[in-house]
Amino acid sequence: MLDTQVTKAPPSLLYMVKQVELVVRSHLDELVRPSGITALQYTALTVLERHDGLSAAQLARDSFVTAQSIADLVRSLEGRGLVRRERNPRNRRELLILLTDAGRELLARHAGPVRELEERMVRDLTAHQTEQFRQALSKAWHALS
């Protein structure tokens, strides 16, 4: 009798990265939903926490959304008092988006649960493997950017 078992190829890395992204986003949505925001809004707030005072175009790029999406997202966050817009003193035609104290407080409330989610994601990795994973993801992002 012939062995007709076919070895299946492992899933592509692109597929696996997308799987991780979707499950992280789902968990993140659950974590931030009680605060009335989405995972995308949370991401934009964390971008501003690291680089406050961005233009809408830069915030869109750094938050992985389109310019149209960022306009709606910023309007929503501004309406909730989590961000504010001010004129750029170096270019009066440009509005900069800044995190408010309320936005910082929201991020502080979610810092622990978000950190726990990240720890859960890598709990079966050693500290060294986690750092290698971080470096590999960074290299992959740079290769495509």
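Predicted model: local features only at pLDDT ≥ 70, side-chain atom pairs only at ≥ 80, totals over all residues.
Which residues of α3 are buried? In this helix, which spans residues 56-63, they are Leu-59, Ala-60 and Ser-63. Looking down the axis of α3, you would find its buried residues within an arc of 100°, so they line one face of the helix. Just after α3 comes Phe-64, with a positive phi of about 65°.

Now step back to the wider chain. An unreviewed UniProt entry lists residues 10-142 as "domain: HTH marR-type". Over residues 10-142 the chain is 68% helix and 13% strand, with its end C-alpha atoms 24 Å apart.

Next, let's turn to charged side chains. Side chains of opposite charge can pair when their charged atoms come close. How many salt bridges does a search of the whole structure find? The search finds 7.

One of them joins Lys-18 and Glu-21, at 2.9 Å from N to O. These two residues sit 3 residues apart in helix α1 (residues 13-32), so about one helical turn separates them. Lys-18 is partly exposed at 43% relative accessibility, and Glu-21 is partly exposed at 35%.

Another salt bridge brings together the side chains of Glu-118 and Arg-134, at 3.7 Å from N to O. This pair links distant parts of the chain, 16 residues apart: Glu-118 lies in helix α5 (residues 101-121) and Arg-134 in helix α6 (residues 127-144). Glu-131 joins in too, as Glu-118, Glu-131 and Arg-134 are linked in a network of salt bridges.

Notes:
Residues numbered from 1 in each chain as written. Heavy atoms only, no water. Buried < 20%, exposed > 50% of the residue type's maximum accessible area, 1.4 Å probe, protein only. Helix = DSSP H or I, 4+ residues; strand = E, 2+ residues; numbered from the N terminus. Arc of directions from axis to C-beta. UniProt positions renumbered as here; feature names shortened; annotations may be inferred. Salt bridge = Lys/Arg side-chain N within 4 Å of Asp/Glu carboxyl O.
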